[in-house]
Amino acid sequence: MSQTLRIPEILEMARREGKVSVDGLAAHFGVTLQTIRRDLSDLAEAGRLERVHGGAILPSGITNIAYEERRALNQAAKMRIGQAAANLIPNDSAIFLNIGTTTEAVAHALLHHQNLLVVTNNINVAQILSRNPDCQVIVAGGVIRAADGGLVGELAVRSIHAFKFDLAVIGCSALDKDGDLLDFDLQEVVVSQAALGQSRRSILVCDHSKLARTAPARITSLSEIDQMVTDQALPNALAQSCLVSQTKINVA
């Protein structure tokens with residue numbers, strides 16, 4: 001069966017079952033695992049499915065996918081982005097890192113930095129950077145979100161207002177064609193907005209899959225961000241907008 005015939009059936013199975021697996025699809029169509037992986041990658045690039053470990057799910061514009069599933073998405077790209085972002089962060093800096101699997105990748109890449117003060121509302125980031133003896137880690141207060149170890153809400157915002165950061169390093173759940181950074185939880189959004197407001201400069205870390213997604217809550221505009229670190233070149237219109245706003249794009 002050709003890909004043209006497989007694609008509609010794959011989408012129908014995803015709509016019916018919520019998730020499709022590489023093994024299941026290969027057996028169903030009688031093709032190789034590599035063929036199915038290629039089909040799912042093409043669908044993900046088109047924004048019609050979201051790749052997860054072992055398969056794919058329908059993308060959602062209202063609720064985010066599970067944190068462990070997100071952690072498995074685009075791991076190699078996130079590692080490159082994390083290292084590239086860390087290269088932009090000098091020693092002797094005060095920085096903020098928000099919730100997200102890509103900011104976790106930045107934290108891993110900061111393990112050998114010296115004399116850092118890191119404030120975060122991400123328990124996972126705090127645990128990673130606690131292994132760096134030259135890094136002082138401060139966890140923002142707030143309501144802990146069991147699903148991902150994030151601290152959100154007004155108490156987290158008040159904690160952030162006690163600092164002035166050299167850099168805020170933030171991720172987002174989606175980046176739309178107009179250049180708006182989007183997320184799913186308003187309580188998380190206000191924390192990211194507070195951190196941006198308390199920072200001299202800002203870095204967005206965002207892999208290309210975020211361009212195929214949507215979410216309901218707006219954080220800020222890419223034009224208000226100083227630098228973006230991503231894994232693929234931006235679409236021409238968005239790249240031109242960044243040129244006008246002097247937002248520097250770093251492709252890892």
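## Basis

The model is predicted, so local features need pLDDT of at least 70 and side-chain atom pairs count only at pLDDT 80 or more, while totals for chains, interfaces and linings use all residues. Residues are numbered from 1 along each chain as its sequence is written, and side-chain values use heavy atoms, with hydrogens and water left out.

## The chain as a whole

The protein chain contains ten helices and 15 strands; these are DSSP runs numbered from the N terminus, with helices (H or I) of at least four residues and strands (E) of at least two. Its radius of gyration is 19 Å, close to the 18 Å that the globule rule gives for 252 residues, so the protein chain is as compact as a globular protein of that length. The radius is taken over C-alpha atoms, and the rule is 2.2 Å times the number of residues to the power 0.38. Along the principal axes, the C-alpha atoms fill a box of roughly 60 × 40 × 30 Å.

Of the 252 residues, 51% are buried; buried means under 20% relative accessible area, exposed over 50%, and partly exposed in between, with a 1.4 Å probe and protein chains only. Among contacts between residues at least 6 apart in sequence, 58% join residues at least 24 apart, where contact means heavy atoms within 4.5 Å.

## Helix packing

Two packed helices are described by the angle between their axes and the distance between the axes. Here axes are lines fitted to C-alpha atoms, for helices over the stretch in contact, and angles run from 0 to 180 degrees between N-to-C directions.

| Helix pair | Axis distance | Crossing angle |
|---|---|---|
| H1 (residues 3-17) and H2 (residues 22-29) | within 12 Å | roughly 130° |
| H2 and H3 (residues 33-45) | 9 Å | about 115° |
| H5 (residues 75-87) and H6 (residues 101-109) | within 7 Å | roughly 55° |

For H1 and H2, the axes cross at roughly 130°. That angle makes H1 oblique to H2; angles under 35 degrees count as roughly parallel, over 145 as roughly antiparallel, 65 to 115 as roughly perpendicular and the rest as oblique. The crossing of H1 and H2 is right-handed, a term used if the near helix is turned clockwise from the far one by less than a right angle, anticlockwise being left-handed. Arg6, Glu9, Ile10 and Met13 of H1 meet Leu25, His28 and Phe29 of H2. The residues of this contact divide into four nonpolar, one polar and two charged. In this classification Ala, Val, Leu, Ile, Met, Phe, Trp, Tyr, Cys and Pro are nonpolar, Asp, Glu, Lys and Arg are charged, and the others, Gly among them, are polar.

H2 also packs against H3, at an angle of about 115°, and the two are therefore roughly perpendicular to each other. The crossing of H2 and H3 is right-handed. H2 contributes Val22, Asp23, Leu25, Ala26 and Phe29, and H3 contributes Leu33, Ile36, Arg37 and Leu40. By class, this contact has seven nonpolar, no polar and two charged residues.

The axes of H5 and H6 cross at roughly 55°. This angle makes H5 oblique to H6, and the crossing of H5 and H6 is right-handed. Lys78, Met79, Ile81, Gly82, Gln83, Ala85 and Ala86 of H5 make the contact with Thr101, Thr102, Ala105, Val106 and Ala109 of H6. The contact of H5 with H6 has seven nonpolar, four polar and one charged residues.

## Individual residues

Most residues other than glycine have a negative phi. Asp92, although not a glycine, has a positive phi of about 60°. Asp92 lies in the loop between H5 and strand S4 (94-97) and counts as exposed at 54% relative accessibility. Gln246, also not a glycine, has a positive phi of about 65°. Gln246 is placed in the loop between helix H10 (236-245) and strand S15 (248-251) and is exposed, with a relative accessible area of 72%.

Gln198 is located in the loop between helix H9 (186-197) and strand S12 (199-205). With 18% relative accessibility, Gln198 counts as buried. Not counting residues up to four places away in sequence, Gln198 touches Ile160, His161, Phe163, Lys164 and Phe165.

Thr220 belongs to strand S13 (residues 217-221) and is buried at 12% relative accessibility. Leaving aside neighbours within four places in sequence, Thr220 is in contact with Gly179, Asp180, Leu181, Leu196 and Ile225.
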